[in-house]
Amino acid sequence: MTAKKPLSKLERVPLREAWKHEASDFTPWLAETDNLNALADALGISELVLVATEHWVGDFKLDILCTDGDEQVIIENQLEKTNHTHLGQIIAYAAGVGAKKVIWVAESFRPEHAAALQFLNDNTTDDLNFFAVEVELWKIGDSPLAPKFEVVVKPNEWAKAGREQARAAAATTPTKQLQQKFWTALIEHLAAKAPQIRPQKPRPQHWLNNSIGRAGFGLNPTANTRDQRLGVELWIPGAEAKQHFAKLSAQKQDIEAKLGFELDWQELPDAKAVRIASWYPNASIEDEQRWHEYIDWLTQRLVKMDAVLRPIVKALP
């Protein structure tokens with residue numbers, strides 16, 4: 001008779017066993033890349049890229065300022081049960097930095113505060129989102145402490161997407177409506193086949209915003225109905241775009257060898273931006289019977305270009 005393996009007990013641990021102080025212990029821990037990635041995974045958003053900790057907003061300090069693509073994200077944290085003070089702070093900080101995502105992390109949420117965040121999700125604009133996240137610590141026997149993020153409140157993306165699609169149908173052209181529908185289909189496919197690629201919400205436009213792990217850079221799928229082509233573009237706007245382009249161009253041969261295909265390197269001399277792209281010609285999203293073909297190509301290109309370009313982009317000075 002085979003001996004039974006002994007089973008241990010999973011135990012919840014008070015947060016202050018790991019972090020004595022919010023500002024000096026917990027905030028720096030949460031701001032580490034791996035922990036921000038774990039928080040992003042729990043929330044189901046593309047990624048959280050650190051901008052600053054203890055960021056001044058007027059006369060007060062925001063715990064953590066991040067970006068999710070081109071959007072500002074604020075994180076306010078507590079090592080105890082939520083209070084009214086922090087509820088007011090997150091609204092003030094969101095207004096102060098123009099945040100599109102507001103994340104409140106705490107040991108536990110009072111029902112009134114969870115209800116307040118849900119009310120804000122239900123009654124504010126579709127591009128403003130509030131999250132409530134409880135942080136837990138667990139151990140088994142003498143094991144190291146293991147943190148866990150438990151999402152208490154998040155936006156009802158299905159409802160918000162439905163409202164946005166309804167607005168698009170009522171207020172935009174048939175082409176804009178088709179763009180929104182196509183990006184929605186691509187996002188659903190990515191969620192099933194390539195969950196590491198998490199674009200932002202679809203909008204009725206010819207591109208879909210998608211982060212590559214650094215503020216000011218986007219790895220964006222495009223669908224140009226006029227030129228009838230699809231693309232995946234590394235898009236770099238801003239004052240330093242040309243310098244970044246020069247450094248990437250110096251690695252062109254190595255980058256294209258790793259990708260297994262050539263790129264179109266566009267310095268765009270008359271613009272304060274640059275573009276490095278892969279194109280799929282003779283492809284119009286107006287031909288819905290070919291959407292599976294288009295979506296498969298975009299997915300393959302996004303996965304490959306993200307894997308190759310992400311570490312290179314992050315390493316740029």
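In the predicted model, Glu54 lies within strand 2, which covers residues 49–57. The backbone of Glu54 has a positive phi of about 50 degrees, although the residue is not a glycine. Most residues other than glycine have a negative phi. Glu54 counts as partly exposed because its relative accessibility is 26%, which places it between the limits of 20% for buried and 50% for exposed residues. A positive phi of about 50 degrees is also found at Leu268, again not a glycine. Leu268 is located in the loop between strand 10 (264–266) and strand 11 (273–281). With a relative accessible area of 21%, Leu268 is partly exposed; the cut-off for a buried residue is under 20%.

Glu54 is also among the residues touched by Thr27. Thr27 belongs to helix 1, residues 22–30, and is buried, its relative accessible area being 2%. When residues up to four places away in sequence are not counted, Thr27 touches Glu22, Thr53, Glu54, Asp63, Ile64 and Asn77.

The secondary structure of the protein chain comprises 9 helices and 11 strands. The C-alpha trace spans about 60 × 55 × 55 Å along its principal axes. Of the 317 residues in the chain, 45% are buried. Among contacts with a separation of 6 or more, 61% are made by residues 24 or more positions apart.

Helix 2 runs from residue 33 to residue 43, and its buried residues are Asn35, Leu36, Leu39, Ala40 and Leu43. Viewed down the axis of helix 2, these buried residues fall within an arc of 145 degrees and therefore line one face of the helix. In general, an α-helix has 3.6 residues a turn, so residues three or four places apart point the same way. The exposed residues Thr33 and Asp34 are carried on the face of helix 2 turned away from its buried side. Just after helix 2, Gly44 adopts a positive phi of about 75 degrees.

A helix pair is formed by helix 8 (residues 252–259) and helix 9 (residues 291–315), whose axes come within 9 Å and cross at roughly 145 degrees. The crossing of helix 8 and helix 9 is right-handed. Helix 8 contributes Ile255, Lys258 and Leu259 to the contact, and helix 9 contributes Lys304, Met305, Val308, Leu309 and Ile312. By residue class, the contact of helix 8 with helix 9 contains 6 nonpolar and 2 charged residues, with no polar ones.

The count of salt bridges comes to 13. One of these joins the side chains of Arg275 and Glu233, with an N to O distance of 2.9 Å. This pair links distant parts of the chain, since Arg275 is in strand 11 and Glu233 is in strand 9 (residues 229–237), 42 residues apart. Arg275 and Glu233 are both buried.

Arg226 forms a salt bridge with Asp227, and the closest N and O atoms of this pair are 3.5 Å apart. Arg226 counts as exposed because its relative accessibility is 71%, a value over the 50% limit. Asp227, at 39% relative accessibility, counts as partly exposed.

A further salt bridge is made between the side chains of Arg290 and Glu293, at 2.8 Å from N to O. Arg290 counts as partly exposed at 25% relative accessibility, and Glu293 is likewise partly exposed, with a relative accessible area of 26%.

Terms used
Residues are numbered from 1 along each chain as its sequence is written. This is a predicted model: local features need pLDDT of at least 70, side-chain atom pairs count only at pLDDT 80 or more; totals for chains, interfaces and linings use all residues. Side-chain values use heavy atoms; hydrogens and water are left out. Buried means under 20% relative accessible area, exposed over 50%, partly exposed in between (1.4 Å probe, protein chains only). Helices (H or I, at least four residues) and strands (E, at least two) are DSSP runs, numbered from the N terminus. The arc is that of the directions from the helix axis to the C-beta atoms. Axes are lines fitted to C-alpha atoms, for helices over the stretch in contact, and angles run from 0 to 180 degrees between N-to-C directions. A crossing is left-handed if the near helix is turned anticlockwise from the far one by less than a right angle, and right-handed if clockwise. Contact means heavy atoms within 4.5 Å. Ala, Val, Leu, Ile, Met, Phe, Trp, Tyr, Cys and Pro count as nonpolar, Asp, Glu, Lys and Arg as charged, and the others, Gly among them, as polar. A salt bridge is a side-chain nitrogen of Lys or Arg within 4 Å of a carboxyl oxygen of Asp or Glu.
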